[in-house]
Amino acid sequence: MQIPSKYDASQVESKWYEYWMKHNYFHSEPDEREPYTIVIPPPNVTGVLHMGHMLNNTIQDVLIRRARLQGKNACWVPGTDHASIATEAKVVAKLKEQGIDKNDLTRDEFLRHAWEWTHEYGGVILEQLKKLGCSCDWERTKFTMDDDMSEAVIKVFVDLYSKGLIYRGYRMVNWDPEAKTTLSDEEVEYVDKQGKLYHINYKIEGSNDVLTIATTRPETILGDTAICINPNDERHINLRGRKVIVPICNRVIPVIEDAYVDVEFGTGCLKVTPAHDENDKVLGDKHKLEVIDIFNEDATLNSYGLHYQGQDRFQVRKAIVKELEELGLIAKIEDYNNRVGISERTKAIIEPRLSDQWFLKMEDLVKPAIKAVLGEDNDIQLFPKKFENTYRHWMENIRDWNISRQLLWGQQIPAYYYGDGKEDFVVAETIEDALKLAQVKTSNPELKTSDLKQETDALDTWFSSWLWPMSVFDGIRNPENDDIKYYYPTNDLVTGPDILFFWVARMIIAGYEYKGEEPFKNVYLTGLVRDKQRRKMSKSLGNSPDALKLIEDYGAGGVRVGLLLSAAAGNDLMFDEALCQQGKAFGNKVWNAFRLIDGWEVADIEQPNYAKVSIEWYSNKFQQSLALIEDHYSKYRISDALMETYKLIWNDFCSWLLEMVKPAYQKPIDRATYNAVITLLEDNLKILHPFMPFLTEEIWQYISERTEEEALIVSKWPESKPINESLISEFDFAAEVVSGIRTIRKEKNIAFKDAISFSVINNEKAGATFDEVIQKLGNLEVIDYVNEAIDGALTYRVKSNEYFIPMAGAIDVEAEINKLTEELNYTVGFLKSVQKKLSNERFVNNAPEQVVASEKKKEADALAKIETLKTSLGSLK
């Protein structure tokens with residue numbers, strides 16, 4: 001076959017992906033082999049490929065392709081998450097464009113639109129992952145809202161409720177007024193915002209006196225039901241037992257006493273608004289205060305807001321401050337830096353709100369999950385280990401999980417109300433089962449399904465994805481099926497540290513609750529992808545490159561290598577497009593190396609000794625690198641595994657081995673050497689395949705005509721063999737000798753085609769194993785072992801060995817003497833300055849140890865250089 005002069009990723013990648021899909025290499029079924037399983041962290045169904053996805057999925061594909069080459073039954077389950085808040089927001093926005101208000105639709109009508117949207121736009125990201133080369137088992141693709149997945153979620157809810165672990169409670173929750181739903185604590189981000197601290201005067205009932213309170217939220221005074229002072233605060237003794245009048249609404253409220261009030265903050269008087277602050281709610285419950293909620297679900301004010309009813313909370317803040325100023329009730333306004341909670345999804349400022357919600361008790365559920373990661377058995381390992389502290393902090397301070405969301409898109413909570421009371425409900429998997437329970441509970445056999453009304457709230461998205469490693473194998477509905485028994489527990493989970501608690505910890509909790517064992521063995525936590533200025537990549541900053549454009553420009557292999565070149569586990573990746581260019585250049589290097597080999601004419605001639613020893617050296621060097629690569633993989637140092645592969649192929653294979661064995665110009669190569677080089681190239685392709693799958697498959701298929709069973713993707717990972725370390729060490733020495741010859745040729749402009757004499761004083765007693773290699777690479781007439789220095793020759797050292805290249809006729813001796821003399825004089829001067837510093841006792845005693853060591857090394861290097869320069873000069877005179 002004619003091999004193209006250039007590697008064209010755009011042609012090659014689509015060709016091989018189609019080939020792999022056609023022959024079903026990605027699909028897995030249980031068999032006698034050892035399983036290797038990864039479940040994809042399901043991206044939002046609304047999502048498109050971004051740099052974080054690229055990094056995360058490249059790492060997963062590297063692991064899965066390596067496992068496949070190791071002969072394991074590799075199964076990578078793909079899928080998407082229904083992402084209730086994000087998806088519902090997109091559907092609502094689309095409906096708005098069509099002039100449709102979500103509130104005018106029934107649940108079924110809205111869900112019809114949501115499914116239409118999901119079928120039209122959902123799953124785009126999975127198609128994009130194919131462009132990256134991801135070898136997922138697409139036949140197993142799951143969606144968290146698939147019927148079987150939803151059935152599993154409902155089954156778990158009913159089970160946990162029956163165990164007394166799920167309850168309905170009226171609690172202070174994080175309310176997102178834009179998405180109009182509650183959020184768990186983990187879905188709230190905290191940001192610093194510059195705001196104001198308003199000092200407001202409240203009139204004391206029955207007097208002309210006032211007390212002053214400080215607040216960052218003056219609009220909430222309309223919901224005040226008390227003023228609290230610290231009983232030990234002598235400044236406010238006069239307020240004990242008194243009542244005050246809330247400005248504007250003129251409601252009379254009591255002054256209460258509680259040690260909770262910080263006497264150091266503000267005025268020492270705290271306004272208590274139980275409906276709008278978690279701590280105020282605790283105080284309110286303790287002192288049996290009235291609860292007045294002033295907000296609607298969209299954070300506009302309700303009827304308690306008086307003349308501000310219907311206005312947004314932030315508009316009211318400005319207006320109420322103006323009204324208070326006009327009433328002469330603002331004592332002062334200060335700048336104040338406030339830590340504010342915002343919704344992770346919509347970025348709206350969170351409003352604390354009292355609401356009926358569903359909660360899952362976590363205190364006992366969490367115990368096996370703590371032991372799994374932090375216990376002595378270490379059933380689950382986090383890489384890097386530093387995240388164990390984060391995990392410990394979260395898990396040991398866990399609160400009950402608010403699992404209900406005021407959304408339509410998601411699994412509808414399977415609670416069915418049969419009466420008007422909050423507790424008049426039953427929980428069941430189906431309405432038919434619910435009816436039977438309700439009939440028994442009410443002692444009313446005449447009750448019909450039409451008398452039941454299902455809970456309108458949906459479940460938190462994470463309540464479906466925490467079952468992911470089990471539900472993708474139908475392990476909840478059918479806990480003894482072949483798939484769950486074979487593939488579970490899965491092996492590796494690759495994800496970001498930002499969802500260590502959201503998802504990873506909860507999957508561990510669910511795994512122990514429903515399978516009695518861990519859901520995965522290892523968790524590899526990638527860093528965040530940042531730009532060169534260390535900023536997190538985001539659409540809003542405009543610093544995130546188009547992932548598909550990168551693949552178009554550099555090829556999937558170039559991008560994969562570019563991402564991994566600087567992606568150490570757990571450390572943020574400073575992404576630079578130049579790394580993708582480096583990845584592309586590496587691919588071209590490998591391609592050109594193959595073209596060079598393929599261009600050699602092969603003949604049935606005797607194998608030269610230099611070729612034989614070169615092959616033996618690289619075979620051992622490959623094994624040495626393979627051992628390092630295996631060690632890096634075992635510690636999830638994927639970037640280091642790539643770097644070792646990169647250096648081996650670029651430096652040792654392309655730059656050294658091919659130069660060592662290539663035949664002379666227009667001469668053939670012997671068949672034994674050619675076959676050996678091809679075998680070594682194939683081994684290189686195997687270890688490179690996980691990183692650059694398309695390029696390696698293309699070269700593999702060009703090397704020889706292969707059947708579908710012989711494709712690279714299903715070939716065999718190289719076997720580890722004993723390593724001849726002394727041979728590798730001998731070559732390293734020989735390589736330095738060759739580099740010395742090349743340096744002199746370059747500096748003295750001696751053409752490579754001109755063979756030169758070469759002599760050596762072998763003080764190191766170095767072996768002659770690589771002499772023929774040195775002779776070939778240096779184009780030497782002969783290597784002459786001598787006992788004395790050669791006159792009229794340039795010299796250099798490798799360790800204590802001295803090497804001589806006669807210069808007669810090759811260079812201008814006079815010019816060379818002048819040049820060497822100038823260099824010698826400079827080095828002597830440099831040595832004196834170093835020795836002067838080292839003779840200064842004050843410097844030696846006071847300078848850091850490493851600084852003194854550095855100066856001593858400079859002295860030793862200068863002395864060695866002076867000796868070499870004097871020898872070279874002596875030989876020229």
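**Entry 1. Aromatic pairs**

I began in helix H1 (residues 9-22), where Tyr17 and Trp20 are three residues apart and therefore separated by about one helical turn. I note that the model is a predicted one. I looked up the burial of Tyr17 and Trp20 and found both buried. Their rings form an edge-to-face pair, with 6.2 Å centre to centre and 70° between the planes. Over the ring of Trp20 I also located the charged end of Arg65, 4.5 Å from the ring centre.

I then turned to Tyr633 and Trp717, whose ring centres are 6.3 Å apart with planes at 75°, so this pair is edge-to-face. Which parts does this pair tie together? Tyr633 belongs to helix H18 (residues 609-634) and Trp717 to the loop between H21 and helix H22 (725-747), so the parts joined are 84 residues apart in sequence. Tyr633 has a relative accessible area of 3%, and I recorded it as buried. Trp717, at 7% relative accessibility, counts as buried.

For the structure as a whole I noted 41 aromatic pairs. I also recorded one aromatic cluster formed by Phe157, Tyr161, Trp358, Trp401, Tyr417, Phe425, Phe463 and Trp466.

**Entry 2. Helix H5**

I asked which residues of helix H5 (residues 124-132) are buried. I found Ile125, Leu126, Gln128, Leu129 and Leu132. These residues cover an arc of only 155° around the axis, which puts them on the same side of H5. Among the elements that cover them I listed helix H2 (51-69), strand S3 (79-80), helix H16 (547-564) and helix H21 (693-703).

I examined Gln128 of this helix separately. A polar atom of its side chain lies 2.7 Å from the backbone nitrogen of Leu49. Leaving aside residues up to four places away in sequence, I found that Gln128 touches Val48, Leu49 and Leu548. Just after H5, I noted that Gly133 takes a positive phi of about 100°.

**Entry 3. A four-stranded sheet**

I traced an open sheet of four strands in the order S6-S5-S14-S16, with antiparallel pairing. Strand S6 (181-183) and strand S16 (401-402) each have a single partner strand and stand at the edges, so one side of each is left without a neighbour in the sheet. Strand S5 (residues 166-176) is joined to S6 by three bridges, and the two run antiparallel. I looked up the bridge partner of Trp175 in S6 and found Thr182. Finally, I recorded Lys422 over the face of Tyr170, at 4.7 Å from the ring centre.

Notes:
Residues numbered from 1 in each chain as written. Predicted model: local features only at pLDDT ≥ 70, side-chain atom pairs only at ≥ 80, totals over all residues. Heavy atoms only, no water. Pairing = 2+ DSSP bridges. Buried < 20%, exposed > 50% of the residue type's maximum accessible area, 1.4 Å probe, protein only. Arc of directions from axis to C-beta. Contact = heavy atoms within 4.5 Å. Polar contact = N/O pair within 3.5 Å; in protein donor to acceptor, adjacent residues only side chain to side chain. Phe/Tyr/Trp six-rings, centres within 6.5 Å; stacked < 30°, edge-to-face > 60°. Lys NZ or Arg CZ within 6 Å of the ring centre and 35° of its normal.
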